[in-house]
Amino acid sequence: MEVQNIRIDLISPSPLNPRKTFDEAALEELASNIEKQGLLQPITVRVAKSEEMTNLETGDVTPLPYTYEIVCGERRFRAVSLLKAKEDEANVAKIKAHRKKSEKFQTISCIVREMTDDEAFEAMITENLQRKDVDPIEEAFAFAQLAVLTPFNRRILLMKASMMM
């Protein structure tokens with residue numbers, strides 16, 4: 001697996017993610033930790049949109065991604081986005097003062113994986129079940145969606161049951 005630095009503005013949260021609520025104070029705390037220590041774990045994304053590019057010499061056609069969707073790590077993404085917003089604000093002042101702008105939080109470390117909607121959704125549910133602060137309604141909705149999209153996955157159910165012990 002190769003880790004890539006991808007521009008924040010090319011990444012968006014997945015509409016498939018069953019988690020919709022995020023504690024703002026916890027995000028601020030996470031952002032503060034990332035600012036001090038850096039991002040310790042990359043987020044996982046998949047290509048949302050790509051454009052086919054043709055090599056004029058060989059005629060080979062390859063997809064060139066231009067937007068990405070978060071599979072795992074939306075909290076980390078949101079925290080880095082908060083830092084990017086602060087950096088952008090500071091950069092406006094730096095540019096006015098003819099100083100070099102900062103680029104520290106313009107990108108985020110990502111692992112790009114090729115995944116179907118079902119695979120991405122299962123990964124999102126698995127990641128969210130590992131968290132203790134998931135809203136019970138969102139969790140129930142995720143299980144309902146999973147049951148509709150794919151045959152119910154026993155591994156996820158067993159994982160959830162083991163976490164409750």
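Helices (H or I, at least four residues) and strands (E, at least two) are DSSP runs, numbered from the N terminus. The model is predicted: local features need pLDDT of at least 70, side-chain atom pairs count only at pLDDT 80 or more, and totals for chains, interfaces and linings use all residues. Residues are numbered from 1 along each chain as its sequence is written, and side-chain values use heavy atoms, with hydrogens and water left out.

**View A. His98 lies in the loop between α2 and β5.** The phi angle of His98 is near 60 degrees, a positive value in a residue other than glycine. His98 counts as exposed because its relative accessibility is 76% (exposed means over 50% relative accessible area, buried under 20%, partly exposed in between; 1.4 Å probe, protein chains only).

**View B. The largest nonpolar core has 17 residues.** A nonpolar core is a set of buried Ala, Val, Leu, Ile, Met, Phe, Trp, Tyr and Cys residues joined through side-chain atoms within 4.5 Å. Ile11, Ile34, Ile43, Val45, Ile108 and Cys110 touch the most other members. Two or more residues each come from α1 (24-37), β3 (43-54), β4 (61-72), α2 (74-96) and β5 (107-112). Of these, α2 gives the most, with four residues. A second, separate core of six residues includes Met115 and Met124.

**View C. α1 and α2 pack with their axes 8 Å apart, at an angle of about 70 degrees.** Axes are lines fitted to C-alpha atoms, for helices over the stretch in contact, and angles run from 0 to 180 degrees between N-to-C directions. The two helices, α1 and α2, are therefore roughly perpendicular (65 to 115 degrees).

Definitions and conventions: Angles under 35 degrees count as roughly parallel, over 145 as roughly antiparallel, 65 to 115 as roughly perpendicular and the rest as oblique.
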